[in-house]
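I opened a new notebook page for this structure.

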Amino acid sequence: MHTHILPKTMPNWTEKFGYGKFIHLEPNSDGSANMMQGSNFFRRIVENCWDENMRMEEYQKFATQVQVVCTIPVMFSYWAKPKDCAELSRFLNDHIAELVQRFPKNYIGLGTVPMQDQDEAMKELERIKSIGLVGIQIGSNINDQNLNEEEFFPIFETCSRLGLAVMVHPWQMMGFDSMKKYWLPWLVGMPAETSRAACSMIFGGVLERLPNLRVCFSHAGGSFLPTLGRIEHGFNCRPDLVAVDNDINPRNYLGKFWVDSITHDIDALKYILRMQGSKRVCLGSDYPFPLGDLEIGAFIEKSDLSQHEIEDIFCNATMEWLGLDKRYFL
Ligand SMILES: [Zn+2]
């Protein structure tokens, strides 16, 4: 789970809608493409970002059959007018749904929704369900609003009712402008963003009020699990600041959400496994991006974890998170 994909061609939304800095692709002569944010260069991507066959071949090298795909967070476009973001979301979701239809044993799809507008988001959730996607990917913040804000609750409630899983991905990292050097937004900001999202959903009572909502936090939950001792201590020593919306100890939520395995460190993974249990740690790669685990679980396979734990991480945890049955893929 946790891989990113884009359609090979997309409309130039900035031209179409006449404002903003939407992402579009400009092909290069070597077969790669530049992701352009309005007229600014954002990132160069290569064929494995959109070529479905190349993606399956690259996965085969690591004996991996199925990829859970979702868009790249910069595509969320939560800043756009809701109707425009809804149109863009439908375009991306239809692309993924069509891919899953053609390769049902190799691809599982997550959608994106206009989180900035409750009604548009809920409408798209119903549609996402009907076209065969099994969940959504959302940002760690929505236009700098935290995920505990009441306006997002009906969206989570709808996911819970429809049985759609939620993957929380860090993006628009806090401190971005003040720490651009050394790739710090990715190395420091992203783990903090994910902890921000987990703390917001726990302290805001989202997980408490929606016990059947299946949420997965990216990159092993970012800094949330490694700093849970501090978070719990804060909850105990300053309940007047921390326990204002939910008086249940944050440690109680261990094992009630999922995280992926992207730690690049077996000791960190073992710590996460002790906290979460192997049924709540899914094999994630962040393919095809360089900060991901691009040897798809090799560090787990050659570890001394038990076969049972490895099977949970490689398959069962993701199946439970998404509400799927592995027999379907055999
Ligand atoms: Zn990612």
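Below are my entries, going from the whole chain down to single residues.

**Entry 1: ground rules.** I am working with a predicted model, in which local features need pLDDT of at least 70 and side-chain atom pairs count only at pLDDT 80 or more, while totals for chains, interfaces and linings use all residues. I number residues from 1 along each chain as its sequence is written.

**Entry 2: the whole chain.** I found twelve helices and eleven strands in the chain. Both are DSSP runs numbered from the N terminus: helices are H or I with at least four residues, and strands are E with at least two. The radius of gyration is 19 Å, close to the 20 Å that the globule rule gives for 330 residues, so the chain is as compact as a globular protein of that length. This radius is taken over C-alpha atoms, and the rule is 2.2 Å times the number of residues to the power 0.38. I also noted that the C-alpha trace spans about 55 × 45 × 45 Å along its principal axes.

**Entry 3: the sheet of eight strands.** A reminder to myself: strands of a sheet pair through backbone hydrogen bonds, either parallel or antiparallel. Two strands count as paired if DSSP finds at least two bridges between them. In which order do the eight strands of the open sheet run? I read β1-β5-β6-β7-β8-β9-β10-β11, with parallel pairing. β1 (3-4) and β11 (281-282) are the edge strands, each pairing on one side only. Further in, β8 (165-169) and β9 (215-217) pair in the parallel sense over three bridges, and V166 stands opposite V215 in β9.

**Entry 4: the sheet of three strands.** This open sheet has the order β2-β3-β4 and antiparallel pairing. Its edges are β2 (23-27) and β4 (40-45), each of which pairs on one side only. On average, neighbouring strands here are turned by 30° against each other, direction ignored. β3 (33-37) and β4 pair over five bridges in the antiparallel sense, and N34 stands opposite R44 in β4.

**Entry 5: α4 and α5.** Helix α4 (118-130) packs with helix α5 (153-162) at an angle of about 15°, their axes 9 Å apart. Axes are lines fitted to C-alpha atoms, for helices over the stretch in contact, and angles run from 0 to 180 degrees between N-to-C directions. The two helices are therefore roughly parallel to each other; the cut-offs are under 35 degrees for roughly parallel, over 145 for roughly antiparallel, 65 to 115 for roughly perpendicular, and oblique for the rest. Residues in contact have C-beta atoms, placed from the backbone, within 7 Å. The contact is made by Q118, A121, M122, L125 and K129 of α4 with P154, I155, T158, C159 and L162 of α5.

**Entry 6: α3 and α4.** The axes of α3 (82-102) and α4 come within 10 Å and cross at roughly 15°. α3 and α4 are therefore roughly parallel to each other too. Among the contact residues I listed K83 and R90 of α3 and E120 and E124 of α4.

Entry 7: Most residues other than glycine have a negative phi, and most peptide bonds are trans. N143 has a positive phi of about 50° although it is not a glycine, and N143 lies in the loop between β7 (135-139) and α5. Y287 and P288 are joined by a cis peptide bond, with omega about 5°. I located P288 in the loop between β11 and α11 (298-301).

Key. Two residues are in contact if their C-beta atoms, placed from the backbone, lie within 7 Å.
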